[in-house]
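Open the model in your viewer and keep the selection panel at hand.

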Amino acid sequence: MNAIWQYANPKKFIDTSERLLPWVAGLAALCLGVGLIWGYFLTPDAERFGATVKIIYLHVPAAMMAISAWFMMLVASLIWIIRRHHVSALAARAAAPVGAVMTVIGLVTGAIWGQPMWGTWWAWDPRLTSFLILFLFYLGYIALWAAIEDDDSAADLTSILCLVGSVFAVLSRYAVNFWNQGLHQGASLSLDKEENVADVFYIPLLVCIAGFVLLFVALVLMRTGTEIRARRMRVLLARERMK
Amino acid sequence: MMPDLGKYAVEVLASYGASIALIVALVVLSVARARRVRAELETVEKRSRQDG
């Protein structure tokens with residue numbers, strides 16, 4: 001267990017992440033390329049959705065990552081609150097714009113898909129509304145980091161915001177089960193095989209999900225390294241000003 | 001080998017176009033910031049070493 005805490009050392013984190021990054025980024029590009037080409041060109045239309053079923057390869061992975069990114073930020077924020085490791089707070093900060101973009105992709109592709117299927121771009125359905133509020137939390141989280149000059153205070157306040165926002169991350173995932181109402185269907189993927197989409201769509205969808213997960217990991221590794229360097233630069237500049 | 005998207009061509013192409021544009025923008029901005037911050041830090045560290 002002690003092994004993981006060695007990455008709380010910024011230098012160790014940067015050294016390790018720079019060794020991993022080319023492999024993770026390469027695998028992400030490969031999975032996204034294969035998954036999207038497979039899904040777009042080589043899968044048939046679905047009986048119920050027609051050609052719009054091809055949107056699933058973007059909508060489902062993006063929505064999953066939007067919610068998962070917030071949970072990653074929650075874990076990193078809790079580590080900051082409990083153990084005061086700067087790298088974990090900076091990792092949460094680094095993940096937020098990636099999660100926000102995933103949320104936008106989920107919202108945009110959902111609206112575009114919803115129009116022909118439901119006859120409307122948007123409905124105040126529990127799942128959609130929770131997801132929109134999650135997006136607003138992402139914006140608030142990013143803005144709060146940018147608004148506070150002292151890094152430790154910013155990390156404290158954003159960690160609390162992250163705890164509060166987790167309610168909407170949970171609701172985005174489970175609102176369909178909690179309220180059993182609204183336009184949005186249930187999960188496309190499940191441990192219960194009967195609930196899954198048909199195999200012909202399922203396998204390329206899994207490849208796309210792997211691609212989105214790896215893309216997220218690659219971006220967070222790179223962006224955390226950038227945040228660590230930016231923090232060091234702020235410290236050095238502050239020392240210069242004090243001379 | 002282009003799939004026939006029928007009456008949903010606009011929806012499917014708009015979804016792919018918007019998503020790929022957002023992902024590419026995110027990657028490009030992240031890489032550009034990483035390079036800029038790395039270069040700026042090197043300058044500041046060099047100056048800091050020279051000043052003792």
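Which residues of the largest nonpolar core touch the most other members? Select A:Ala69, A:Ala95, A:Val98, A:Leu134, A:Phe216, A:Ala218 and A:Val220, which hold that position among the 74 residues of the core. A nonpolar core here is a set of buried Ala, Val, Leu, Ile, Met, Phe, Trp, Tyr and Cys residues joined through C-beta atoms within 7 Å. A residue is buried if 20 or more other C-beta atoms lie within 10 Å of its own, exposed if 12 or fewer, and partly exposed in between, with C-beta atoms placed from the backbone.

The model is predicted: local features need pLDDT of at least 70, side-chain atom pairs count only at pLDDT 80 or more, and totals for chains, interfaces and linings use all residues. Residues are numbered from 1 along each chain as its sequence is written, and chains are lettered from A and ligands numbered from 1 in the order in which they are written.

Next, colour the helices that each supply at least two residues of this core: α2, α3 (56–83), α4 (86–118), α5 (126–147), α6 (151–179) and α7 of chain A, together with α1 (9–50) of chain B. Helices are DSSP runs of H or I with at least four residues, numbered from the N terminus.

Zoom in on A:Phe216. Leaving out residues up to four places away in sequence, A:Phe216 touches A:Met65, A:Ala69 and A:Val98; contact means C-beta atoms, placed from the backbone, within 7 Å.

Move to the chain interface, where 24 residues of chain B are in contact with 31 residues of chain A. Select A:Ala51, in the loop between α2 and α3 of chain A. A:Ala51 counts as buried because it has 21 C-beta neighbours inside 10 Å. Beyond four places in sequence, A:Ala51 touches A:Asp45, B:Leu5, B:Gly6, B:Tyr8 and B:Val12.

Finish at A:Ala89 in helix α4 of chain A. A:Ala89 is buried, with 26 other C-beta atoms within 10 Å. Draw a C-alpha to C-alpha distance from A:Ala89 to A:Ala76: 6.1 Å, for residues 13 apart in sequence.

Terms used. Contact = placed C-beta atoms within 7 Å.
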